[in-house]
Amino acid sequence: MSEPLVLMEGIVKSFSGVHALNQCRFELQPGEIHALVGENGAGKSTMMKILSGVYSKDAGKIYFKGKEVEIPNPRAAQHLGISIIHQELNLMNHLTIAQNIFIGREPRTAKIILNDDEINRKTAELFKSMHLALDPRTKVADLTVAKQQMVEIAKSLSFNSEVLIMDEPTAALTESEIDELFNIIRQLRAKGVGIVHISHRLEELKQISDRVTVMRDGQYIDTVKTSETSIDKIISMMVGRTIYETSPELPENPSQEVVLEVKNLQQGSLLKDISFSLKKGEILGFAGLMGAGRTEVARAIFGADPYDAGEFYVKGKRVQIHSPQQAVQHGIGYLSEDRKRCGLTVGMDVKDNIVLASLKKFLNAIGWVNMAQTTLTAQKYAQSLNIKTPSLDQKVKFLSGGNQQKVVIGKWLVADTEILIFDEPTRGIDVGAKSEIYKLLNDLTRQGKSIIMISSELPEVLRMSHRVVVMCEGRITGILNAGDATQESIMKLATQRGGIISTNLIPEAGRA
């Protein structure tokens, strides 16, 4: 191999005396796409934040093009040619693409007036070199997430970056958008740019990466060639144990008791005549492409968004749901795909988050919260859900994604919800935590809970669902029994416009 573009050796980093990284190494070659994988909390992001100057290392050495360097801040990293694109994009929606790319470095006329023509010209040249068809004058607010991702890449390349670090770049993209992104990444590889690709989507590794480095519990495990290594082997290195991704047996068939019935739900142009039923002890999967209307259905059922028409029946009784409070009163809980913004109060501790939706339960005779009781309840659910936290006083923002998800589940279990709506339950969660979440969902159905599970990952839908509701453009296009559902049959329905296309795909017991 040629001299590495980046070499990190013996990297150590601690936070409050706890090792986040311990004697870690990483190597990146010019013109290489190098995947960095590991469970949440493995140290991937910390390692790359040190390389990009966000964090300082406690010990170890960093070499760039064979020369030892110090990277005290992000500006120093940019000066070297190292850029990072974080999972949460850092663009200003009210500005144009060109203004975002050259913000703080704008050419000026007479040193005072911004030269927008020059900014647009430079941006157009940059896009031409990337074979990217975007108008520099377009406002960022008018772009899809995928196009915003391209703008972030262009911004990095405008600094003449030779190293591009991408943290979960495909998390919010559709399959076609991922293909578009990967084409750009391959073009950059051909030009000699070294790319670090951090992702939980292991199926992408074979598609895009040349080598894979695995980290576990803040330590370097190994670096392997992607073409010579199986996904099972990578998973085993990540978790230190074998996790089988094949479908486990679902819990026993749910009863025929219908606990939730939705009839003729309408919401402008977003939802059109949505009708389905959910049985006791059932996991009802919702599949479809981005924009199909799955989340809109969930938010309408939970009373988070208004709807124009429709009826809800809980255990056969018609109910009114126009607010989340009413939904909770009827035993419905909603776990949003954006758990940090809509499911948790991240500045509060684990205990408070678990009891937050049920504080009225813990009021004593004079209206004070019984703190001893809240602590006991939080302890019970933290233990039963296996929430990994140093203490119940730990702020939720410091937990891994999988443990944050468990805290949200605990919150709704304390609230005695019988119907749980999970929107993308494993998004941003590592493979080990995914297995735990799957086991937890199955355990909940065995306890008689009923689950609506929305997921963009077809293997997850197929693995976990008794039945699958498929949507396209705001309509239900089919409902499949587990035995009839395949990736092909779901994708056919997910791309079929014009409502239900084959009523024989909808079992009588599944019709609303």
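Let us begin with an open sheet of six strands, whose order is β18-β19-β20-β15-β21-β22 and whose pairing is mixed. At its edges stand β18 (332–335) and β22 (475–481), each with a single partner strand, so one side of each is left without a neighbour in the sheet. From one strand to the next, the twist averages 20 degrees. Keep in mind as you look around that this is a predicted model.

Strand β21 (residues 467–472) pairs with β22 in the antiparallel sense, over six bridges. To find the pairing in the 3D view, look for Met471, which stands opposite Ile476 in β22. Helices join the picture here too. Helix α14 packs on the sheet, touching β18 and β19 (419–423), and its direction makes about 170 degrees with that of β18. Helix α17 (residues 487–494) lies across β15 (283–287), β21 and β22, and runs at about 35 degrees to β21.

Let us move on to another sheet. This open sheet has four strands in the order β14-β13-β16-β17, with antiparallel pairing. Its edges are β14 (271–279) and β17 (317–319); each has a single partner strand, so one side of each is left without a neighbour in the sheet. Neighbouring strands here are turned by 20 degrees against each other on average, with direction ignored.

With β14 it pairs in the antiparallel sense over six bridges, and the bridge partner of Leu260 is Leu278 in β14. The hairpin of β13 and β14 has three residues between the strands, and in this hairpin Gly268 takes a positive phi near 50 degrees. Strand β13 (residues 258–267) also pairs with strand β16 (residues 309–314), in the antiparallel sense and over five bridges. There, Gln266 stands opposite Ala309 in β16. One more residue deserves a look: Asn264 is found in strand β13, and it has a positive phi of about 55 degrees although it is not a glycine. With a relative accessibility of 41%, Asn264 counts as partly exposed.

Which residues of α13 are buried? They are Thr374, Thr377, Ala378, Tyr381 and Ala382. Seen down the axis of α13, these buried residues fall within an arc of 130 degrees, so they line one face of the helix. On the other side of α13, Ala372, Leu376, Lys380, Gln383 and Ser384 are exposed. The cover over the buried residues includes α12 (350–355) and α14 (401–414). Helix α14 is the one that also packs on the six-stranded sheet, where it touches β18 and β19.

The ends of α13 have their own details. At the N-terminal end, Asn370 caps the helix: a side-chain oxygen of Asn370 lies 3.2 Å from the backbone nitrogen of Ala372. Just after α13, Asn386 takes a positive phi of about 55 degrees.

Finally, let us visit some single residues elsewhere in the chain. Ser52 lies in the loop between α1 (44–51) and β4 (59–64). Is Ser52 buried or exposed? Its relative accessible area is 3%, so Ser52 is buried. Leaving aside residues up to four places away in sequence, Ser52 touches Ile71, Asn73, Pro74, Ala77, Ile82, Ile84 and Ile165. A polar atom of the Ser52 side chain also lies 2.9 Å from the backbone oxygen of Met48.

His131 gives us a contrasting setting. It lies in the loop between α4 (116–129) and α5 (145–157), and with a relative accessible area of 61%, His131 is exposed. His131 has a positive phi of about 55 degrees although it is not a glycine.

Our last stop is Arg186, in helix α6 (residues 175–190). At 30% relative accessibility, Arg186 counts as partly exposed. Its contacts, not counting residues up to four places away in sequence, are with Gln207 and Ile208. Arg186 and Ile208 are 22 residues apart along the chain, and their C-alpha atoms are separated by 7.9 Å.

Conventions. Residues are numbered from 1 along each chain as its sequence is written. This is a predicted model: local features need pLDDT of at least 70, side-chain atom pairs count only at pLDDT 80 or more; totals for chains, interfaces and linings use all residues. Side-chain values use heavy atoms; hydrogens and water are left out. Buried means under 20% relative accessible area, exposed over 50%, partly exposed in between (1.4 Å probe, protein chains only). Helices (H or I, at least four residues) and strands (E, at least two) are DSSP runs, numbered from the N terminus. The arc is that of the directions from the helix axis to the C-beta atoms. Contact means heavy atoms within 4.5 Å. A polar contact is a pair of N or O atoms within 3.5 Å; within protein, one must be able to donate a hydrogen and the other to accept it, and residues adjacent in sequence count only if both atoms are side-chain atoms. Two strands pair if DSSP finds at least two bridges between them. Axes are lines fitted to C-alpha atoms, for helices over the stretch in contact, and angles run from 0 to 180 degrees between N-to-C directions.
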